[in-house]
Amino acid sequence: EALKLLPLYVLALKKSELLRTNKPEYFRGQNRLGMDPAMRKAVRADARAIARSLVFKSPVADWIRYIYPQMATIQVGGARYPHASNPLPELLAPASHCVQPSSVLFLSNGVHHILYICDGAPAELVEKLSDGKDIAAANQAGVSISMSTDWALAQSDPIHPKSQLIQVMKALSSTERTAASQILESILVVKQHSPLDCVFTRMLVEDKQPELNNMVAYDDYLVKMHGLIKRELNK
C-alpha cells in the first residue's frame, strides 16, 4: 500500500530538471541559452545543480512536492481555506484532463508558483485577480503581470478571489519557511495559449509531452512497468 505511488513519483522524478535529458536541437536557434529562462526547453547545468540540491537536501514532503506539483482551483464565491470541515482545498492531479475550459488554477511545486488563466475563465474572477491588468499582452512579451494584493481582504472578504488565492497558497506551499508575500511576488501569471503556456504544461507531470525527452504519459508508463514486473515474475 505504501509503495503504490512509487511508479508515479519515479516518473515525476525522471521529468524533473534533475534527470530530464536534453535534445541537441534545444541548443539551436531560438532555444539558445540567451532565451528567457522560463521558456527554455534545455536544462542548464546550474538549474540541474539547484534541482539536485532541492531533492537531496529537502525533507521528503518538500521534494515530493517539488517533483509532483500540487494544483487547486480558484473560484468565484468559493469556500475559504482552511476550515474545520475542509482544511485543504481539493487537489487536482497535475494533468491536462484536470484543466477545464473555465478554470483558474494555482499550481505550485514549492519553488515555482503559477496562476493559470484558461481562455473561458469568468471575466469577473480574472478582473479581481489581475486588477484589470492585461495578462495576455504581458505574456506575449514573455513576462508576467505583478501580483498585488490587499491583505485586508483576507479578513474583510474571505470569499474574494485574492483571499482565496492567499489561503490556497498557504495550504499548498511551505509558508512556514516562505512568507506568503514572497510567494505572491514570485507568482507567474500565465494565460492559456500564450507564449508562456509551456511553462505551465511542463509541470503537468502526468501528461505525455513530446517536445521534451522522457515525457511519457503516466498511464502508459504504468502499463509498461506492470508489463516488466509480469515478465520478471514469469521467468
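A residue counts as buried under 20% relative accessible area, as exposed over 50%, and as partly exposed in between, with a 1.4 Å probe and protein chains only. The views below show a predicted model, in which local features need pLDDT of at least 70, side-chain atom pairs count only at pLDDT 80 or more, and totals for chains, interfaces and linings use all residues. Residues are numbered from 1 along each chain as its sequence is written, and side-chain values use heavy atoms, with hydrogens and water left out.

**View 1. Tyrosine 9 and tyrosine 68 form an edge-to-face ring pair.** Rings of Phe, Tyr and Trp (its six-membered ring) pair if their centres lie within 6.5 Å; planes under 30 degrees apart count as stacked, over 60 as edge-to-face and the rest as tilted. By this rule there are 2 aromatic pairs. In the pair shown here, the ring centres of tyrosine 9 and tyrosine 68 are 6.0 Å apart and the planes stand at 70°, so the pair is edge-to-face. Because tyrosine 9 lies in helix H1 (residues 6-15) and tyrosine 68 in the loop between helix H3 (60-67) and E1, the pair ties together parts 59 residues apart in sequence. Helices (H or I, at least four residues) and strands (E, at least two) are DSSP runs, numbered from the N terminus.

**View 2. Tyrosine 116 and phenylalanine 200 form a stacked ring pair.** The ring centres are 3.7 Å apart and the planes lie at 5°, so this pair is stacked. Tyrosine 116 is in strand E3 (residues 113-117) and phenylalanine 200 in helix H9 (residues 197-201), so that the pair links parts of the chain 84 residues apart. Both tyrosine 116 and phenylalanine 200 are buried.

**View 3. Serine 103 sits in the loop between E1 and E2.** Serine 103 counts as buried, with 7% relative accessibility. Leaving aside residues up to four places away in sequence, serine 103 touches Cys98, Tyr116, Ile117, Cys118 and Ala121. Contact means heavy atoms within 4.5 Å.

**View 4. Four strands make an open sheet in the order E1-E2-E3-E4.** The pairing in the sheet is mixed, and two strands pair if DSSP finds at least two bridges between them. Strand E1 (70-73) and strand E4 (188-191) are the edge strands, each pairing on one side only. From one strand to the next, the twist averages 20°. E1 pairs with strand E2 (residues 104-108) in the antiparallel sense over 4 bridges, and methionine 71 stands opposite leucine 107 in E2.

**View 5. Helix H4 packs against helix H7.** Helix H4 (residues 123-130) and helix H7 (residues 161-172) meet at an angle of about 70°, with axes 8 Å apart. Axes are lines fitted to C-alpha atoms, for helices over the stretch in contact, and angles run from 0 to 180 degrees between N-to-C directions. H4 and H7 are therefore roughly perpendicular; angles under 35 degrees count as roughly parallel, over 145 as roughly antiparallel, 65 to 115 as roughly perpendicular and the rest as oblique. Leu125, Lys128 and Leu129 of H4 make the contact with Pro161, Lys162 and Leu165 of H7.
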